[in-house]
Structure formats: C-alpha cells, structure tokens
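Me: I am new to this structure. Can you walk me through some of its helices, one question at a time?

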Amino acid sequence: MLSYRHAFHAGNHADVFKHLILVQLARYLGQKEKPFWYIDTHAGAGAYALNEGYATKLAEYREGIGRLWERDDLPPLVADYVSLVRQLNGDGQLRVYPGSPWLARQTLRQQDRLRLFELHSSDSKLLNENFADLREQAQVVAGDGFKGLKALLPPPPRRALVLIDPSYETANDYSGVIAALEEALRRFPTGCYALWYPQLARLESRQLPDKLKRLPAAKWLHTTLSLRPTAGPGMHGSGMFLINPPWTLETDLRATLPWLANTLTQDEPARFVLEAQEN
C-alpha cells in the first residue's frame, strides 16, 4: 500500500465520478447551520500537478477532467464540481487537480472541521503543507486512516461526512473497508459514509458490492460508472457506495449519469448503475 501514489491517476474518470458526488454530499450537509466534520481516511497529497511529475507518465486526466474542461453544456452537478477545480487553475489552463480533501475544504464553512489521514510519508508531508494555513479547522494525521476513523466516532457535533478511499493494492484493503464500516456503523450509525472502490477483474473487487449491501445500514445508495470491457486488464470503472446519503442525491444522479457516461466513454459505450435501498 505504501508504494501507491495517486498522482499517477489524478483527475482520471474515477476521480471525476468520485469527486462530483463528494461535492454534493458536502453541499447537502452544509445546508443545516449545525457544524459537521469531514473525515478522509486516505486523503493523499491534497493537490496534484498535471503538467509535471507523476501525472505526466500516464496522463489519465486527459480522459477524465480533460474531457470536461472546455465543455459549455455541463449538467448542474458536473458544473459545480468543475467550478471548484477551476479555482486551482486561475488562468483557465488545466495544470493542477485537487484531491478529495481540497474539494471538501472549498465547500465547508467556518464552523465545520476536517480530519485528514494519510499513511504514505511523502504524501502526508505534502498534505500537511497544503493545509498549513488551516490549522484551527483542519487536522492532518500521518497515520492509518482505518484506525484513526475508529477513534473519531462519534464526532462531537454528531454530524459527519466520511470518505473511505484506499488504494486497494492488497486484499487487506477490501476486508479493511468492510471492517471499518461495520465498526463505524456501530459507533455512529447516522453518519454519512462514502466508499469508493475500483472495478477490477480480481475476485475481491467483484465481491465487494454484495458485501457492502449486507452491512447493517438503514439506507444506502450504490452507483457505478464502467468505461471498459469487464474482462480486460486494469480498472474498467469504479463504484461509490453511500450510506445515509441525501434523499435528493438519487434523483440528481439519474439526471447526471447518462450525460457523464456519454461524455467519458472510451473503448465502448460507458455503462452506469444506480440502485438504492432503505431498510
């Protein structure tokens, strides 16, 4: 896991999918005056250069945020997300891509708090530097986000948005997310939890959605965006499993995902899934 650097993949189709949903979750929690915490268990570096370093090796952003950058027909959810990315690119040129904690920061209010975890020593140092101006509101921990999450729940305001987004380089990450959510739901069943996962040919990836659906969650929303043949190598898409999502999100995604799939499609027509359940 410690070898993983998200900079190689920054701004790709999975980031677009994950981050536009994350922005809407944070917007929704911010509608009430009462404060909430944003907790990111695998926060990464916070921001990534696209025109130098790791991102140039694969240039995956060209098939992700790059597909949206010059469009003038963005649906509302996509437009909101892209507008935040533009805040890091003041001259209109796409040079920097924000990570999840940076996007969350832009949506939070003064009374809200950020708790950010990153285990990779280089990325945790960068994350700390990127949030150095926000010491009173943000806490950056160079450590295991799974363990850190357990210690934070329930948060003092009894409101939180938790993003769980490990690298999934090892089978332990798949079992880890299930264990983390089981423990989180015991400690804080009313929290809003957002889990991202890659769609891969490996067995653990294919089995994960069914395991997530068996969690003792009162309400969940599951959505995927698949861009490549499922039998091929590498990541062919990604999924988001949301526990206690906003009641408006399903309707908003039904209006957005057809456009997004059509815009990001690659080797074959992109496919999406959107399903929900209330227990």
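**Helix faces and helix pairs**

Me: Which residues of helix H6 (residues 121–130) are buried?
Reply: This is a predicted model. Buried here means under 20% relative accessible area. In H6, the buried residues are Asp123, Ser124 and Leu127.

Me: Within what arc do the buried residues of H6 fall, seen down its axis?
Reply: An α-helix has 3.6 residues a turn, so residues three or four places apart point the same way. The buried residues of H6 line one face of the helix, because the arc they fall within is 100°.

Me: How do the axes of helix H1 (residues 13–29) and helix H5 (residues 100–107) run, roughly parallel or roughly antiparallel?
Reply: Two packed helices are described by the angle between their axes and the distance between the axes. The axes of H1 and H5 come within 9 Å and cross at roughly 30°. Angles under 35 degrees count as roughly parallel. So H1 and H5 are roughly parallel.

Me: Is the crossing of H1 and H5 left-handed or right-handed?
Reply: Lys18, His19, Leu22, Val23, Ala26 and Arg27 in H1 meet Ser100, Leu103 and Thr107 in H5. By class, that contact has 4 nonpolar, 3 polar and 2 charged residues. The crossing of H1 and H5 is right-handed.

Me: Where is His13, and is it buried or exposed?
Reply: His13 sits in helix H1. Its contacts, leaving out residues up to four places away in sequence, include Glu63, Leu227, Met235 and Gln266. The relative accessible area of His13 is 5%, so His13 is buried.

Me: How many nonpolar residues does the contact of H8 with H9 have?
Reply: The axes of helix H8 (residues 171–187) and helix H9 (residues 203–213) come within 10 Å and cross at roughly 10°, which means that H8 is roughly parallel to H9. From H8, Ala171, Tyr174, Val177, Ile178 and Leu181 meet Glu204, Ser205, Leu208, Lys211 and Leu212 of H9. By class, this contact has 1 polar and 2 charged residues, and its nonpolar residues number 7.

Notes: Residues are numbered from 1 along each chain as its sequence is written. This is a predicted model: local features need pLDDT of at least 70, side-chain atom pairs count only at pLDDT 80 or more; totals for chains, interfaces and linings use all residues. Side-chain values use heavy atoms; hydrogens and water are left out. Axes are lines fitted to C-alpha atoms, for helices over the stretch in contact, and angles run from 0 to 180 degrees between N-to-C directions. Helices (H or I, at least four residues) and strands (E, at least two) are DSSP runs, numbered from the N terminus. Angles under 35 degrees count as roughly parallel, over 145 as roughly antiparallel, 65 to 115 as roughly perpendicular and the rest as oblique. Contact means heavy atoms within 4.5 Å. Ala, Val, Leu, Ile, Met, Phe, Trp, Tyr, Cys and Pro count as nonpolar, Asp, Glu, Lys and Arg as charged, and the others, Gly among them, as polar. A crossing is left-handed if the near helix is turned anticlockwise from the far one by less than a right angle, and right-handed if clockwise. Buried means under 20% relative accessible area, exposed over 50%, partly exposed in between (1.4 Å probe, protein chains only). The arc is that of the directions from the helix axis to the C-beta atoms.
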